[in-house]
Amino acid sequence: MTGDSFGQWLIATGAGVFFLLGALHLRMTVADLKQPEKFAPANKDLLPQLMETRIAMRRDVKNFWLSYLGFHFSHSVGVMFYALTVAYCGLVRPDILADMLVRVAIVGFGASYVLMSRAFWFIIPLAGSAIGVTLIAVGMATLY
């Protein structure tokens with residue numbers, strides 16, 4: 001395996017970690033549409049209240065719970081899009097990664113998930129995003 005193909009493999013593997021996280025998040029969100037469990041409040045008495053109120057910003061929003069799930073859907077799709085874009089750049093168009101600004105943007109975006117995971121979420125997205133962005137960064141360093 002050449003250095004270039006090894007770097008491409010590292011980038012794709014790191015992107016795959018992000019894709020897996022996004023896909024699992026999407027799966028849990030879809031499940032919560034039918035039976036709220038994963039993203040529902042631990043205090044089950046709060047769920048009916050979330051379903052009966054709306055966010056203050058808009059009057060035309062159905063309810064807070066659906067707004068919350070909508071955020072989770074967009075978050076999942078965004079992470080999966082990031083992963084597919086990074087994998088495409090790494091495997092199909094590594095020449096795009098010759099641009100330092102592109103490399104900084106890709107690693108910076110992935111690193112933002114590490115920071116958000118640390119501040120707001122829990123160990124699985126923290127570990128996954130740290131592993132994913134590290135693989136991507138090392139792969140890029142191997143290429144350029």
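## Histidines of helix α3

The side chains of H72 and H25 are joined by a polar contact of 3.0 Å; a polar contact is a pair of N or O atoms within 3.5 Å, where within protein one must be able to donate a hydrogen and the other to accept it, and residues adjacent in sequence count only if both atoms are side-chain atoms. The model is a predicted one, in which local features need pLDDT of at least 70 and side-chain atom pairs count only at pLDDT 80 or more, while totals for chains, interfaces and linings use all residues. Residues are numbered from 1 along each chain as its sequence is written, and side-chain values use heavy atoms, with hydrogens and water left out.

H72 sits in helix α3, residues 64–91; helices (H or I, at least four residues) are DSSP runs, as are strands (E, at least two), numbered from the N terminus. H72 counts as buried because its relative accessibility is 7%; buried means under 20% relative accessible area, exposed over 50% and partly exposed in between, with a 1.4 Å probe and protein chains only. Not counting residues up to four places away in sequence, H72 touches H25, T29 and F39, contact meaning heavy atoms within 4.5 Å. H75 is also placed in α3, and at 15% relative accessibility H75 counts as buried. With neighbours within four places in sequence left aside, H75 is in contact with H25, Y113 and W121.

## Packing of α3 on α4

Two packed helices are described by the angle between their axes and the distance between the axes. For α3 and α4 the angle is about 145 degrees and the axes are 11 Å apart; axes are lines fitted to C-alpha atoms, for helices over the stretch in contact, and angles run from 0 to 180 degrees between N-to-C directions. The crossing of α3 and α4 is left-handed, that is, the near helix is turned anticlockwise from the far one by less than a right angle, whereas clockwise would be right-handed.

On the α3 side the contact is made by H75, V79, Y82 and V86, and on the α4 side by I106, F109, G110 and Y113. By class, this contact of α3 with α4 has six nonpolar, two polar and no charged residues; Ala, Val, Leu, Ile, Met, Phe, Trp, Tyr, Cys and Pro count as nonpolar, Asp, Glu, Lys and Arg as charged, and the others, Gly among them, as polar.

## Packing of α4 on α5

Helix α4 (residues 100–120) packs with helix α5 (residues 123–143) at an angle of about 160 degrees, their axes 8 Å apart. α4 is therefore roughly antiparallel to α5; angles over 145 degrees count as roughly antiparallel, under 35 as roughly parallel, 65 to 115 as roughly perpendicular and the rest as oblique. The crossing of α4 and α5 is left-handed.

From α4, R103, I106, V107, G110, A111, Y113, V114, S117 and R118 meet P125, L126, S129, A130, V133, I136, A137 and M140 of α5. The residues of this contact of α4 with α5 divide into 12 nonpolar, three polar and two charged.

V107 of α4 is partly exposed, with a relative accessible area of 25%. Leaving aside neighbours within four places in sequence, V107 is in contact with V133, I136, A137 and M140. V107 and M140 are 33 residues apart in sequence and 9.2 Å apart in space, C-alpha to C-alpha.

## M51 in helix α2

M51 belongs to helix α2, residues 46–52, and counts as partly exposed at 38% relative accessibility. Not counting residues up to four places away in sequence, M51 touches P36, N63 and W65. From M51 to K62 the separation is 11 residues in sequence and 8.5 Å in space, C-alpha to C-alpha.
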